[in-house]
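Let's walk through this structure together, one stretch at a time. Have the sequence and the 3D view at hand as you read.

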Amino acid sequence: MNSDNKQNESQTPVPVIAASYIGPSLMPNRDALWEESELPLNADALVHEVMGQPMRRAGRFIKMVACGGLSCLQQVSLDYLKGKKTGIFLATGLGNVDEILPFITEVFKHGGGFPSPNQFANSVSNAAAFVLARICDVTGTVLTVSQEELSFESALWLAQTYLDSGQIELALVGGCDIFTPTVEEYRERVNLCCKNSRELPMGEGSSWLLLGRDENKNIGKILAVDSGEKIIIPEDILKLNNSLSGSVPREKAVGGRSRILLPGFRVKKTDFNLWEQKGWNIYDYLPCCGIHSTAAAFGIAHVLREKPSALFAHYNVQISGRQALILGSTK
């Protein structure tokens with residue numbers, strides 16, 4: 001698990017104050033059946049459910065980001081958030097493709113074009129995170145992080161460093177990628193084929209964690225975020241867990257039911273065997289949300305809300321071969 005990347009520096013466990021997930025069905029914190037052929041669904045009903053009013057002049061990506069972040073913050077009281085310096089860390093693999101492509105097409109078409117102010121505003125890379133910050137009245141750090149299928153891991157690690165340094169008191173960290181028709185184009189953008197990923201439908205999601213330092217008010221912890229070229233094996237994870245304060249107690253970490261492996265979409269089923277032999281229970285969350293670059297955020301938020309008293313590991317592999325691990329525990 002060690003490499004010369006700075007992302008491997010030691011970090012202290014971080015409490016997760018709240019978590020929320022939204023998948024292709026666009027139902028916050030609820031699992032529902034969905035079909036790839038019916039995507040993308042209209043997001044206006046989701047906006048009404050979460051925000052209580054429409055979002056004008058906002059594209060679908062911005063709506064998904066705003067609803068996902070707000071759905072997470074709604075798990076805690078306004079009094080808890082009031083006065084705390086909060087940072088927003090948005091992870092996305094593809095970003096606002098549906099808004100960017102029309103803008104570029106208009107600008108570079110023959111003879112030159114004049115895109116509308118709304119097209120320009122929606123196409124800016126940090127626009128969605130900015131809108132979320134404005135809605136939530138956040139004046140701290142607001143960043144958008146994009147590193148393909150390791151985008152969420154990178155954003156989560158960055159949020160931890162900001163918390164560790166004391167620059168912020170809370171970190172709202174999320175991953176959002178939206179379905180971009182057609183399915184063939186979407187798969188090409190994510191660089192998917194039968195050789196480099198499991199055969200699963202394409203999906204979308206906007207899933208978020210609220211991190212802080214409140215040991216008394218949390219639903220679990222992020223114990224470590226690691227990445228590198230060396231193959232990650234179960235023994236390494238258990239050693240790391242035993243060395244961290246606040247980890248799952250030893251008596252709870254015995255047996256398959258308390259150890260959960262969440263595999264990313266490029267992790268093949270043949271790679272599960274070693275984990276299962278060491279007592280890990282495989283939870284393939286991807287049928288619930290489909291393949292998208294920041295699906296890890298959905299899987300982790302889902303486990304934090306639905307799987308109590310567990311040690312979990314999200315294992316991801318980038319197309320380049322780089323690996324990433326998020327180790328955590330649930331209450």
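In helix H1 (residues 44-51), Leu46, Val47 and Val50 are buried; buried means under 20% relative accessible area, exposed over 50% and partly exposed in between, with a 1.4 Å probe and protein chains only. They cover an arc of only 100° around the axis, so they sit on the same side of H1. That arc is taken from the directions from the helix axis to the C-beta atoms. An α-helix has 3.6 residues a turn, so residues three or four places apart point the same way.

This is a predicted model, in which local features need pLDDT of at least 70 and side-chain atom pairs count only at pLDDT 80 or more, while totals for chains, interfaces and linings use all residues. Residues are numbered from 1 along each chain as its sequence is written, and side-chain values use heavy atoms, leaving out hydrogens and water. Helices (H or I, at least four residues) and strands (E, at least two) are DSSP runs, numbered from the N terminus.

After H1 comes Gly52, with a positive phi near 80°.

Next, find Leu200, in the loop between helix H8 (183-190) and strand E5 (205-211). Leu200 counts as buried because its relative accessibility is 12%. Apart from neighbours within four places in sequence, Leu200 is in contact (heavy atoms within 4.5 Å) with Arg187, Leu286, Pro287 and Ile291.
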